[in-house]
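User: Could you walk me through how to read a model like this one, feature by feature? I'd like the general idea each time, then the case at hand.

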Amino acid sequence: MKLDYNYLRDVMIAIETAERRVTTRFRIDGLIQSSSTLQKHSLEETYFVLTQLEDAKLADVVTSAAMDADIGQLTFAGNEFLNNIRSDKVWKNVLTKVAKTAGSASLSIVSNLAQLETSKLLGLN
């Protein structure tokens, strides 16, 4: 399955904004129900994104072979990445730059581009 970066961003925002205590964990169906955006996607798409967040250590997620997940919070790295892509302007600029140049890019490249775009907006570059 191809990783949809827009949906990855949506899932990260849903994890961050889910109304729960910091120490509370929830299941994949609870995450989907907490967001109208996530409800537009299949369980398989959501599960795949969660496995990618787990592998990249962007979220405290434990996936199972039964297409379920135990979801905690975003990690520090996950919060940093989300903060760099939260702005719609930054996100659009990053995706446009990737599409116009390479056509596709790894998550680490997308993360670096987002950091550069955010730095530019803040007048740091």
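User: Let's start with one residue. Is Val62 buried, partly exposed or exposed, and what is its relative accessible area?

Analyst: Keep in mind that we're looking at a predicted model. The general idea is a pair of cut-offs: buried means under 20% relative accessible area, exposed means over 50%, and partly exposed is in between. Val62 comes out at 46%, so it counts as partly exposed. You'll find Val62 in strand 2, which spans residues 59-64.

User: Which residues does Val62 touch, leaving out those up to four places away in sequence?

Analyst: Contact here means heavy atoms within 4.5 Å. Val62 touches Arg25, Glu54, Asp68, Ala69 and Asp70 on that count. For a C-alpha view, take Leu50: Val62 and Leu50 are 12 residues apart in sequence and 8.5 Å apart in space.

User: And Val61, is that one buried or exposed?

Analyst: Apply the cut-off again: under 20% is buried. Val61 has 5% relative accessibility, so it counts as buried. Val61 is also found in strand 2. Beyond residues up to four places away in sequence, Val61 touches Leu50, Glu54, Ala69, Asp70 and Ile71.

User: What about backbone angles? Which value does phi of Lys57 take?

Analyst: Lys57 has a phi near 60 degrees, a positive value in a residue other than glycine. Lys57 lies in the loop between helix 3 (43-55) and strand 2. With a relative accessible area of 60%, Lys57 is exposed.

User: Where does Met67 lie, and what is its phi?

Analyst: Met67 is in the loop between strand 2 and strand 3 (68-74). Its phi is positive, about 55 degrees, although Met67 is not a glycine. Met67 is partly exposed, with a relative accessible area of 29%.

User: Now the helices. Is Ala114 buried or exposed?

Analyst: Ala114 is buried, at a relative accessible area of 0%. Ala114 lies in helix 6, residues 107-121. To see what surrounds a residue like this, go back to contacts: setting aside residues up to four places away in sequence, Ala114 touches Asn84, Ile85, Val90 and Val94. The C-alpha atoms of Ala114 and Val94 are separated by 6.0 Å, while the two residues are 20 apart along the chain.

User: How does Asn93 sit relative to Ala114?

Analyst: Asn93 lies in helix 5. Asn93 and Ala114 are 21 residues apart in sequence and 8.4 Å apart in space, C-alpha to C-alpha. Asn93 is partly exposed, with a relative accessible area of 31%.

User: On to pockets. Which residues line the largest pocket?

Analyst: A lining residue has an atom within 4 Å of a pocket point. For the largest pocket, the list is Lys2, Leu3, Asp4, Tyr5, Leu95, Val98, Ala99, Gly103, Ser104 and Ala105. By class, that lining has six nonpolar, two polar and two charged residues. Helix 5 (residues 88-101) gives the largest share, three residues. The space in this pocket is about 170 Å³.

User: Let's zoom out. How many helices and strands are there?

Analyst: There are six helices and three strands. In sequence order, the pattern is α-β-α-α-β-β-α-α-α.

Terms used. Residues numbered from 1 in each chain as written. Predicted model: local features only at pLDDT ≥ 70, side-chain atom pairs only at ≥ 80, totals over all residues. Heavy atoms only, no water. 1 Å grid on protein atoms, 1.4 Å probe; cavity = no way out; pocket = protein on both sides within 12 Å on 5 of 7 lines; lining within 4 Å. Points joined across faces, edges and corners; volume = space filled by probe spheres on them. Helix = DSSP H or I, 4+ residues; strand = E, 2+ residues; numbered from the N terminus. Nonpolar A, V, L, I, M, F, W, Y, C, P; charged D, E, K, R; others polar. Buried < 20%, exposed > 50% of the residue type's maximum accessible area, 1.4 Å probe, protein only.
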